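Student: I have a structure here that I have not seen before. Could we go through it in questions and answers?

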Amino acid sequence: TADDADLRGWGTTGYPISPTETGAHTFSAPSPAGAAAANMHVAHGVYNAAMDKRSVARNSVLASTLLTFAKLAVGFYSGSLAMISEALHSALDLLATVATWQSVRISDLPADKSHHYGHEKIEHLAAFTEGILLFLTALWIAKRATTEFFTPTPLPRTNIWPFLVIAISLVVDASRSRALRRAGRQFSSAALSADARHYTVDLGASAVVLLSLLAIHFYGNQARWADPVGALLIAVIMLATAIHLARNSADALMDRAPDGLAPGVQETMRRVAGVCDVPRIRVRQSGTKSFVDATITVDPQTSIQEGHRIASSAELAATERFPALDITLHVEPASAGASHVEAIYDLAAGMGLPLHAVRVREINARLYINFHVELPPEMPLGEAHKTVTELEERIRMRLPAAAEVDGHLEPGRDGAPANAPGGATRRP
């Protein structure tokens, strides 16, 4: 639609991009109607996402409450330590689910004067708390199971009720785990994903209880060990889950950069025409967003207006590849490699070759050079390759520290013959 077309002109910072060609798209400022439609559409989508997250969490609380009371009642009725352990596990899950419900509600609040980056980290805090509670409860169960293993106790009752409760628990946990995992992926919610992992583990714990009760039911005193061993296995499952949750949540709370995101953003920005290098980048994650603080360098002769355009293009390229980014971009003149860039342009000008996207990176006193050469579209490929190879050799002679020189062929633009004497050399 017309409004959709208008929306293409807005950068990720919310400011219109001046009419210019960036990549394969032409951007223009949106109409007021387009901007209003975008705001209404985004607000409606955010509201629906928040309501969906809360609905999933609320349903999980209801299921946890019913299962916890059922397991506790049957556990004390049957006298099964494995069942009581699973009931305590479910009770912890209930507390954790309530915490998840509240954390999801708070994380949806917008940024304010005291929380400039929003409130989404509370989900990681909730997941970390769940891990600590699981760890402490697992230690108690392990101690109790070890004591009961060496101390004779009455056999648990194995009538229909324990088996019925466990069967219902298996069905409910399977359904709930699937729903929470889907919601966690859809909304990038750490708390919902943590709950999904909990209930997946619950499936294994319930299966352990079922096997221990079956062993006692069919083998009686010969399987007296099955109940404490089942409880001990549940404790081990809980410990493994607790460590996993606590470690992942601690990484997020301590601003550990998401794997592969910083190199990916850096690589994407370096491919933007006019960007000489991306010497500095920092990434931190908070809930569904990743905050990027990066510095790009441009040719020192670049004007302020052109530098701003290059920065907007770099930001746009990064957010197209990684949509959930909030980018703060700094633009600086390319100081360390500026003389090398000028030398490359001078050599190309001497051969009448227009260049663009020249990048010089210095690593351990060695230079890594990359550039694009514009040649006439009708030039034979063999001749084009020979021309670029000659330029690369001249660069190596001029810059002995060059470890790698990589030139890329492109058809000439604007109809200007690239090999004209003294041909104009394109700048970034």
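Student: In which sense do strand S3 (residues 277–286) and S4 pair?

Tutor: This is a predicted model, in which local features need pLDDT of at least 70, side-chain atom pairs count only at pLDDT 80 or more, and totals for chains, interfaces and linings use all residues. Residues are numbered from 1 along each chain as its sequence is written, and side-chain values use heavy atoms, without hydrogens and water. Strands are DSSP runs (E, at least two residues; helices are H or I, at least four), numbered from the N terminus, and two strands pair if DSSP finds at least two bridges between them. S3 and S4 have eight bridges, and their sense is antiparallel.

Student: Which residue in S4 is the bridge partner of Arg284?

Tutor: Arg284 has its bridge partner in S4. That partner is Phe291.

Student: How many bridges join S4 and strand S5 (residues 325–333)?

Tutor: S4 and S5 pair in the parallel sense. Within S5, Val331 stands opposite Ile296. The bridges between S4 and S5 number nine.

Student: Why is strand S4 (residues 289–298) largely enclosed by the rest of the structure?

Tutor: Buried means under 20% relative accessible area, exposed over 50%, and partly exposed in between (1.4 Å probe, protein chains only). S4 is largely enclosed because, of its ten residues, the number buried is nine.

Student: Where is confidence highest in the protein?

Tutor: pLDDT is the predictor's confidence in each residue, from 0 to 100. The protein averages 77, and the mean is lowest, at 33, in strand S2 (residues 25–27). Where pLDDT is low, the predicted coordinates should not be read in detail. The highest mean, 92, belongs to helix H9 (residues 304–321).
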